[in-house]
Amino acid sequence: RSATIAATVVSLCDLLLRPGGNLVVKVFQGSDEEQVFAEVRARFRTSRRIKPQASRKQSFEVFYVGKDRRT
């Protein structure tokens, strides 16, 4: 379900985020996460997948960062 929520947030960027804007979204690793990251890559000039050092090693959380939204 987190991938569905994240995908919705990424698609809302088209309506709510100005060109050049940035996005950070938290996703729990699973089957649909690659599709969500592909959407981030398509919408932003720079995209990264980050697992913070503060996260537990066994945690499934990951953050997608999109910088500089394309027009």
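Helix α1 passes helix α2 in a left-handed crossing. Two packed helices are described by the angle between their axes and the distance between the axes. Here the axes of α1 and α2 come within 9 Å and cross at roughly 15°. An angle under 35 degrees counts as roughly parallel, and α1 and α2 are therefore roughly parallel to each other.

Which residues of α1 and α2 meet? From α1 there are Ala3, Ala6, Ala7, Val10, Ser11 and Asp14, and from α2 there are Val36, Glu39, Val40 and Arg43. Sorted by class, this contact of α1 with α2 comprises six nonpolar, one polar and three charged residues.

Let me turn to the sheet. It is an open sheet of three strands, in the order β1-β3-β2, and the pairing is antiparallel. Strands β1 and β2, the latter covering residues 44-50, stand at the edges with a single partner strand each, so one side of each is left without a neighbour in the sheet. On average, neighbouring strands of this sheet are turned by 20° against each other, direction ignored.

Now the two pairings, one after the other. Strand β1 pairs with strand β3, residues 61-69, in the antiparallel sense over six bridges. Within this pairing, Lys26 stands opposite Phe63 of β3, and Phe28 has Glu61 of β3 as its bridge partner. Strand β2 is likewise joined to β3 by six bridges, and these two strands run antiparallel. On that side, Ser47 stands opposite Gly66 in β3, while Arg48 has Val65 in β3 as its bridge partner.

How are the helices placed against the sheet? Helix α1, residues 2-16, lies across β1, β2 and β3 and runs at about 165° to β1. Helix α2, residues 33-43, also lies across β1, β2 and β3, running at about 150° to β2.

Beyond β1 we come to Gln29, in the loop between β1 and α2. The relative accessibility of Gln29 is 36%, which means that this residue counts as partly exposed. Leaving aside residues up to four places away in sequence, Gln29 touches Ser59, Phe60 and Val62. Gln29 and Ser55 are 26 residues apart in sequence, and their C-alpha atoms are 13 Å apart in space.

Most residues other than glycine have a negative phi. Asp68, although not a glycine, has a positive phi of about 65°. Is Asp68 buried, exposed or partly exposed? With a relative accessible area of 31%, Asp68 is partly exposed.

To close, I return to the overall arrangement in this predicted model. The three strands form an open sheet in the order β1-β3-β2. Helix α1 lies across β1, β2 and β3, and helix α2 lies across those strands as well. The two helices are roughly parallel to each other. Thank you for your attention.

Notes:
Residues numbered from 1 in each chain as written. Predicted model: local features only at pLDDT ≥ 70, side-chain atom pairs only at ≥ 80, totals over all residues. Heavy atoms only, no water. Pairing = 2+ DSSP bridges. Helix = DSSP H or I, 4+ residues; strand = E, 2+ residues; numbered from the N terminus. Axes fitted to C-alpha atoms, helices over the stretch in contact; angles between N-to-C directions. Contact = heavy atoms within 4.5 Å. Parallel < 35°, antiparallel > 145°, perpendicular 65-115°, else oblique. Left-handed = near helix turned anticlockwise from the far one by under 90°. Nonpolar A, V, L, I, M, F, W, Y, C, P; charged D, E, K, R; others polar. Buried < 20%, exposed > 50% of the residue type's maximum accessible area, 1.4 Å probe, protein only.
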